[in-house]
Amino acid sequence: MKQTKGLEGDKKSIIKFEFNPKDGIDNPALSLAEDTDGEGVGEPRFYLLSKGSMETFGFCLHEELGCQGHIIRQVELGGLAQRRGLQDGDRLLQVNGYFVDHMDHRRVVQKIKASGNQVLLAVLDGDSYEAAKALGRDLSQMLPTDIRPRLCHITRDKSGFGFSVSAPEGVKGTFQLSVQEDGPAERAGVPPGSWLLELNGASVRSYSHTQLARKLKQSGSKVTLLVASSAVEEFYRLRGLRVMAALADTSWLPFKVRELHMVKGPAGYGFLLKEDDCRSGATGQFLWDVDAGLPAEQAGMKEGDRLLAVNGESIEGLDHQQTVLRIRARDDQVTLLVIDSAGDEFYQSIGLSPLLFFEDSDPASSSRMPSLPSPSGSPEQCHTEVGQKGLGSWLVAAANSIEITQVTSLARPSQQCCSQPSTALSPGTLLPCLS
């Protein structure tokens, strides 16, 4: 009987916590290993990576010729990923509870980038991944289901929010919810008996019952809760992982990112782009003057929508001119991700990017993703390299030190990916060229 390297035991799964004193005890990595009677298939491992705003996650994510899956590469020596336990050759299976093995590579990178400074990854070692594929195993079945907390936005009615809170006497931060049948909380998706983790984007870990009641009263007519069932709470607690809003199921929220695919008509797309300040103080790109009957309106664009991504690439951190260059990158068509003003205000209030929770409604939509890297002026840099067999590959170095490597079917010489900028446009100006 084959034993998993570094562990002793029989057919039972063995849990091993890897603790690094430098990182603290809030989220030790969990390694699961299982004797598989010679099949050589181990179990997924979960890692919560939390970095500072000026740090990187310390690894690259590759898509490689002749290899299946999204591959962890270039794990930085002494970096965050290595300290947590990620290894070169690991295959990425989940990002924040989303199964991604089947997903377009650019979408996977986008999910990690949208996660901000914290991300929960589920990985499988390379040998186990290849063995599972050879055996025809469904990798999604190797992962626990329904392990995501739930983000719920509740609007008070005349009877209140529709839930009550109980807590052990003298204990802070432990609050269980009782939900009124067919009340506002139940309609907003709050499960009965769930545990309250965050209120309006702030952890309740240090709140007393009195402090929580005061915060709820100050919330006015609307409140946002991050809640978890007992089973979900136990899943993270046993693994030493902290539950956070970035992992949440947002299917109950009324705020959705919308995908608009437009083909330019004789009169253009029919909208104007304007740079303006957001409530958070950051700068954003907004869509105005949507012309009736033209492609933008037909695609579902609304006045005041905020632009989030162009052709599958986030515009976060880009200025007005760089955003325009991305829209102009294709002469006759463009795909935009947008959110309306109410959704934009909501996600800013809880400090999360709405792109984190965007899911394609059309599985074929990945075919609309750009096949080439972004034009110059964006945060990414790109180039092609000729390998020993003459095959070229796109290498996009992303802001979080994640790399996308896509192998092309034709050899290309080494080159810098760039475009010539058009006439400079001052921030805040309208762009009639897009109408």
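Let me start with helix 9, residues 341–350, where G343, D344, F346, Y347 and I350 are buried. Buried means under 20% relative accessible area, exposed over 50%, and partly exposed in between, with a 1.4 Å probe and protein chains only. Helices (H or I, at least four residues) and strands (E, at least two) are DSSP runs, numbered from the N terminus.

This is a predicted model: local features need pLDDT of at least 70, side-chain atom pairs count only at pLDDT 80 or more, and totals for chains, interfaces and linings use all residues. Residues are numbered from 1 along each chain as its sequence is written, and side-chain values use heavy atoms, with hydrogens and water left out.

Looking down the axis of helix 9, the buried residues fall within an arc of 165°, so they line one face of the helix. That arc is taken from the directions from the helix axis to the C-beta atoms. In general, an α-helix has 3.6 residues a turn, so residues three or four places apart point the same way. On the other side of helix 9, S341 and S349 are exposed.

What covers the buried residues of helix 9? The cover includes strand 9 (150–155), strand 14 (222–228), strand 17 (283–288), strand 18 (306–310) and strand 20 (333–339).

Now the two ends. At the start of helix 9, a side-chain oxygen of D340 comes to within 3.3 Å of the backbone nitrogen of A342. Just after the helix, G351 has a positive phi of about 70°.

Next, the whole chain. The protein chain has 9 helices and 24 strands. Of its 435 residues, 48% are buried. Take the contacts (heavy atoms within 4.5 Å) between residues at least 6 apart in sequence: 66% of them join residues at least 24 apart.

Then the cores. A nonpolar core is a set of buried Ala, Val, Leu, Ile, Met, Phe, Trp, Tyr and Cys residues joined through side-chain atoms within 4.5 Å. The largest one has 64 residues, and L49, F59, L92, L121 and Y236 have the most contacts inside it. Strand 8, residues 118–124, gives the most to this core, with 6 residues. Apart from it lies another core, of 19 residues, including A188, L199, V204 and L225.

Last, the cysteines. How many disulfides does a search of the whole structure find? The search finds 0, where a disulfide is a pair of cysteine sulfur atoms within 2.5 Å. C67 is partly exposed, with a relative accessible area of 30%, while C152 is buried, at 0%.

Conventions
A polar contact is a pair of N or O atoms within 3.5 Å; within protein, one must be able to donate a hydrogen and the other to accept it, and residues adjacent in sequence count only if both atoms are side-chain atoms.
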